Amino acid sequence: MDQKIKKIHAFKNDALGQDDAVSLAKRLKNKEISADEVIRASIDRARYVNPSLNAIASEFFELDLKQRKPLQKSLFSGVPTYIKDNLDLACYPTQHGSKAFKSDIKQKNSKITQQILDAGFIALGKSQLPEFGLNASTEFKDGSSTKNPWHLDYSCGASSGGSAALVAAGVVPIAHANDGGGSIRIPAANCGLVGLKPTRGRLKPNESSQFLPINLVSDGVLTRSVRDTAYFYAEMERIYHNPKLPKIGLLQAHSTQKLRIALVLNSIHGDTDTETQNAVIHTAKLLEAQGHHIEPFKLPIPESFVEDFSHYWGFLSFMLEKMGRPLFGSSFDPQQLDPLTQGLSALYKKNAHKTPLFLYRLKKIQQIYRNIFKRYDLILSPVLAHTSPKLGYLSPSLPFDTLFERLQNYVTYTPIQNIAGAPAIVLPMGMTTENPRPIGIQLSADLGQEALLISTAYQLEQLKPFKHLYHDEWL
């Protein structure tokens, strides 16, 4: 670790090198390296950086060395990964980032975990998330946090913060993530990664959210390359395809199609900081130079959306508080929930009488959102209203009103796609000037149009290759 700039990574000249998952899988297939060598290298890297990052929720490395074997005929056979600690992984607890209960050891994998493992990945453990994924920073009420490997004083984002930190730091090339309000895209933006939130229903059903009034959650991965994201979804589609959605296929390069792109620089909730806007404007200029039509645009989303989504956020917290014992067992103690979860639940209780109205208005958002794509192919926007904050700025132990206002002013671009069920991808297209950290941009599309997002992402990656921590001298 560089003490002066507080940056840490694990890239070195071992079996993992600086490969992305696709390159690593090819080397494994060609027997240039063995799965055992790769797993040992990944474990060694985890042991080096995790004391600084606190990105791993649970691990049983000796079990993984002895018992976990990849599926030999799968694309990613032998590639190590981590599963976010809100999905079940056999032989591990599922703690959801909470101290309010003690999880039992799960006997089987969730449907999505199994789908990921069926692609040949070897899960080396569970990655950290804030309590029930409700915060936009992976911080805990006891003052601990998962740190950003680009600068350990800053937030790595959330809720898939542990996965993002592990991928950015080079412990694994790819890790599971999921997104209920920006939880793939926010940590991707903060940690300099590619994060695609797919269309609702693209992967197998998430058992914990499919029966909600509005299913916000989409599962996916965080990666360091567009190629890894593209190959991952092609492999997921081989294992399971939702017949209600168009196929993505295996995309290996960008298309020559000229797109109509709506440029959004401010959210419905307020202004965006200059550095973030500059990253988006720079991206727009790159795309325009390639012949795409860029047009300034104001999102036609009603201002009531912020309040309505906040009430639904509170509703989810209220349900967790009241249904904790049936969901998580007799050890569940609602008094041990962190102040953010309790505050959101209390917010909902004050507004419970508005439930039919806010659910009605939220369900109308999908059609409003889809109408945008009668005129445009994509929306280009920021991911967040400002660059990654210092740890503590979004601490769950802050007074609820202070934290809630900060969250509303920070997470302003990502929840719309969760309500609409639409796909969006985040790419690392900028860097802060002070304490250099990544700045992400977001491309959003109509339902089922992941292929368009991936194709455009390939083009941007080619035009401005992404900066990663391994670009430091590491050999």
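Let's start with Arg260, which counts as partly exposed because its relative accessibility is 36%. Keep in mind that this is a predicted model, so every value here is computed from it.

Arg260 and Asp377 meet through their side chains in a salt bridge, with N and O 3.3 Å apart. Arg260 belongs to strand β9 (residues 260–263), while Asp377 sits in the loop between α12 (355–371) and β11 (378–382), so this pair ties together parts that are 117 residues apart in sequence. Asp377 has a relative accessible area of 15%, and the cut-off for buried is under 20%, so Asp377 counts as buried.

Some salt bridges share partners, and that is how Asp19, Arg27 and Glu32 end up joined into one network. Within it, Glu32 pairs with Arg27, and their closest N and O atoms are 3.8 Å apart. Glu32 has 53% relative accessibility, so Glu32 counts as exposed.

How many salt bridges turn up in a search of the whole structure? The search finds 18. The general idea is simple: side chains of opposite charge can pair when their charged atoms come close.

## Asp179 and Arg185

Now for another pair. Arg185 forms a salt bridge with Asp179, and the closest N and O atoms are 2.9 Å apart. Is Arg185 buried or exposed? Arg185 counts as buried, because its relative accessibility is 0%. Asp179 also comes out at 0% relative accessibility, so Asp179 counts as buried too.

Asp179 is part of strand β6, which covers residues 174–179. What does the side chain of Asp179 reach at 2.7 Å? That would be the backbone nitrogen of Gly182. The Asp179 side chain also makes a polar contact with the side chain of Arg185, at 2.9 Å. Leaving aside residues up to four places away in sequence, Asp179 touches Ile184, Arg185, Lys197, Leu216, Val217, Ser218 and Asn418.

## A nonpolar patch

Which residues make a nonpolar surface patch of about 260 Å²? They are Met319, Met323 and Leu327.

Take Met319 as one of these residues. You can find Met319 in helix α9, which covers residues 304–322. Met319 has a relative accessibility of 32%, so it counts as partly exposed.

Terms used. Residues are numbered from 1 along each chain as its sequence is written. This is a predicted model: local features need pLDDT of at least 70, side-chain atom pairs count only at pLDDT 80 or more; totals for chains, interfaces and linings use all residues. Side-chain values use heavy atoms; hydrogens and water are left out. Patches are made of residues with over 30% relative accessible area and no salt bridge: like charges are joined within 9 Å, nonpolar side chains (Val, Leu, Ile, Met, Phe, Trp, Tyr) within 5 Å. Accessible areas come from the Shrake-Rupley method with a 1.4 Å probe; for residues, only the protein chains shown count as cover. A salt bridge is a side-chain nitrogen of Lys or Arg within 4 Å of a carboxyl oxygen of Asp or Glu. Helices (H or I, at least four residues) and strands (E, at least two) are DSSP runs, numbered from the N terminus. Buried means under 20% relative accessible area, exposed over 50%, partly exposed in between (1.4 Å probe, protein chains only). A polar contact is a pair of N or O atoms within 3.5 Å; within protein, one must be able to donate a hydrogen and the other to accept it, and residues adjacent in sequence count only if both atoms are side-chain atoms. Contact means heavy atoms within 4.5 Å.
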